[in-house]
Amino acid sequence: MYESGDIVKYLFRNYGQGRSPSPGLLESTIFTGWVPTLLRAGRGMTLWDKAGAVPAEKLELFSYENNPCARIVREALCELELPYVLQNVGEGSSRTDLLLRKSGSKQVPYLIDPNTGFQSGDHKKILPYLFQQYPVSSI
């Protein structure tokens with residue numbers, strides 16, 4: 001499925017135990033999903049024309065959906081077509097303890113690259129790292 005509204009309806013229909021999405025949930029995706037994408041000129045929806053090297057091991061990103069800094073990092077990972085494991089650590093997540101063990105804080109985005117040992121919770125360091133570490137393909 002592609003449309004977020006369809007996904008939400010599917011999840012509630014199959015796992016919602018008879019409940020329905022709360023009023024405004026489906027409409028809110030316009031503001032939390034499409035408006036930021038449009039404002040950022042479609043970033044994260046296209047392949048960066050210089051995407052190249054693919055790491056041997058998947059990167060790991062700790063994030064939560066509405067964090068604007070984490071969104072930018074997810075966009076870069078998608079544009080570079082880098083395989084990664086996304087650890088959602090929103091409020092009340094059971095994965096928050098994992099983030100605390102690995103980083104010592106709850107700060108997101110937090111990226112771990114097991115291929116190089118790079119770890120950072122600062123999107124201003126993560127972005128240049130990704131584009132420098134995984135540059136133009138030699139093909």
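**Stops along the chain**

Start by selecting proline 109, which sits in the loop between helix H4 (96-103) and strand E3 (110-113). Helices (H or I, at least four residues) and strands (E, at least two) are DSSP runs, numbered from the N terminus. This is a predicted model, in which local features need pLDDT of at least 70, side-chain atom pairs count only at pLDDT 80 or more, and totals for chains, interfaces and linings use all residues. Residues are numbered from 1 along each chain as its sequence is written, and side-chain values use heavy atoms, with hydrogens and water left out.

Most peptide bonds are trans, and most residues other than glycine have a negative phi.

Next, select glutamine 17, in the loop between helix H1 (4-15) and helix H2 (25-39). Glutamine 17 is not a glycine, yet its phi is positive, near 50°. Is glutamine 17 buried or exposed? Its relative accessibility is 73%, so glutamine 17 counts as exposed (buried means under 20% relative accessible area, exposed over 50%, partly exposed in between, with a 1.4 Å probe and protein chains only).

Move to glutamate 81, in the loop between H3 and strand E2 (84-88). Glutamate 81, also not a glycine, has a positive phi of about 55°. Glutamate 81 is exposed, with a relative accessible area of 53%.

Finally, select helix H3 (residues 68-79) and helix H5 (residues 123-133), which pack at an angle of about 5° with their axes 10 Å apart. Axes are lines fitted to C-alpha atoms, for helices over the stretch in contact, and angles run from 0 to 180 degrees between N-to-C directions. Contact means heavy atoms within 4.5 Å. Residues making the contact include Ile72 and Leu77 of H3 and Leu127 and Phe131 of H5.
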